[in-house]
Amino acid sequence: MAGKARKDLAKSNAEKLKNLHLVSLALNSTFILVSLLTRSRSLPTSFILSAPAFGAQYVLETSGRPKYTTLNGKTSLRTAGEDLGAPGLTEYMFDVIWVTWACLISALMVGNKGWWLYAVVPAFAVWKGWGLLG
């Protein structure tokens, strides 16, 4: 039973990472292409404000990617990786990625002013912190 659970987790993690990387590639490529064609969007701003999302994707990739080993021509699961559906820090990393994607889409639609959507993150942190103190 434990072996099946590990295989299911590995399959789920691999699927989530594939989808995460494909959407990220599509959105960032579209943004770069539109920026190069219209010259109305700042690429340096995009790279700087997308850095937290790229960092979160790297951490999710390294911790969640299943690892396999091959012995005598037979491949077996070595580690399934951390559960990418787990609450806590993993969930917050996905939130950072989704907010960055929302900012990319808004910047595509309205120009560089779309990056002001990132102001939601510190506002949310203040709101959460105020709730903890009160």
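**Briefing: spaces, salt bridges and a surface patch**

Helix α2 gives the most to the lining of the largest cavity, with four residues, where helices (H or I, at least four residues) and strands (E, at least two) are DSSP runs numbered from the N terminus. This is a predicted model, in which local features need pLDDT of at least 70 and side-chain atom pairs count only at pLDDT 80 or more, while totals for chains, interfaces and linings use all residues. Residues are numbered from 1 along each chain as its sequence is written, and side-chain values use heavy atoms, with hydrogens and water left out.

**The largest cavity**

- On a 1 Å grid over the protein atoms alone, a cavity is a set of points where a 1.4 Å probe fits but cannot get out, whereas a pocket is an open set with protein on both sides within 12 Å along at least five of seven lines, and lining residues have an atom within 4 Å of a point.
- By this rule there is one cavity of 30 Å³ or more, and the largest cavity has a volume of about 40 Å³, a volume being the space filled by probe spheres set on grid points that are joined across faces, edges and corners.
- The lining of the largest cavity is made by Ser24, Asn28, Ser50, Ala53, Phe54, Gln57, Thr100, Trp101 and Leu104, and α1 (2-38), α2 (43-64) and α3 (89-110) each supply at least two residues of it.
- By class, this lining has four nonpolar, five polar and no charged residues, where Ala, Val, Leu, Ile, Met, Phe, Trp, Tyr, Cys and Pro count as nonpolar, Asp, Glu, Lys and Arg as charged, and the others, Gly among them, as polar.

**The largest pocket**

- The largest pocket has a volume of about 250 Å³, and its lining consists of Tyr92, Asp95, Val96, Val99, Val120, Val121, Phe124, Ala125 and Lys128.
- The elements that give two or more residues to this lining are α3 and α4, and α4 gives the most, with five residues.
- The lining of the largest pocket divides into seven nonpolar, no polar and two charged residues.

**Salt bridges**

- Three salt bridges are found in the whole structure, each being a side-chain nitrogen of Lys or Arg within 4 Å of a carboxyl oxygen of Asp or Glu.
- Aspartate 8 and lysine 4 meet through their side chains in a salt bridge (3.0 Å, N to O), and, because they are four residues apart in helix α1, they are separated by about one helical turn.
- Lysine 4 is exposed, with a relative accessible area of 52%, while aspartate 8 is partly exposed at 40% (buried means under 20% relative accessible area, exposed over 50%, and partly exposed in between, with a 1.4 Å probe and protein chains only).
- Glutamate 15 and lysine 18 form a salt bridge whose closest N and O atoms are 3.9 Å apart, and both residues lie in helix α1, three residues apart, which is about one turn of the helix.
- Arginine 65 and glutamate 61 are joined through their side chains in a salt bridge (2.7 Å, N to O), with arginine 65 partly exposed at 27% relative accessibility and glutamate 61 partly exposed at 22%.

**The surface patch**

- Leu117, Val120, Phe124 and Trp127 make a nonpolar surface patch of about 420 Å², where patches are made of residues with over 30% relative accessible area and no salt bridge, like charges being joined within 9 Å and nonpolar side chains (Val, Leu, Ile, Met, Phe, Trp, Tyr) within 5 Å.
- Accessible areas come from the Shrake-Rupley method with a 1.4 Å probe, and for residues only the protein chains shown count as cover.
- Valine 120 lies in helix α4 (residues 120-133) and counts as partly exposed, at 45% relative accessibility.
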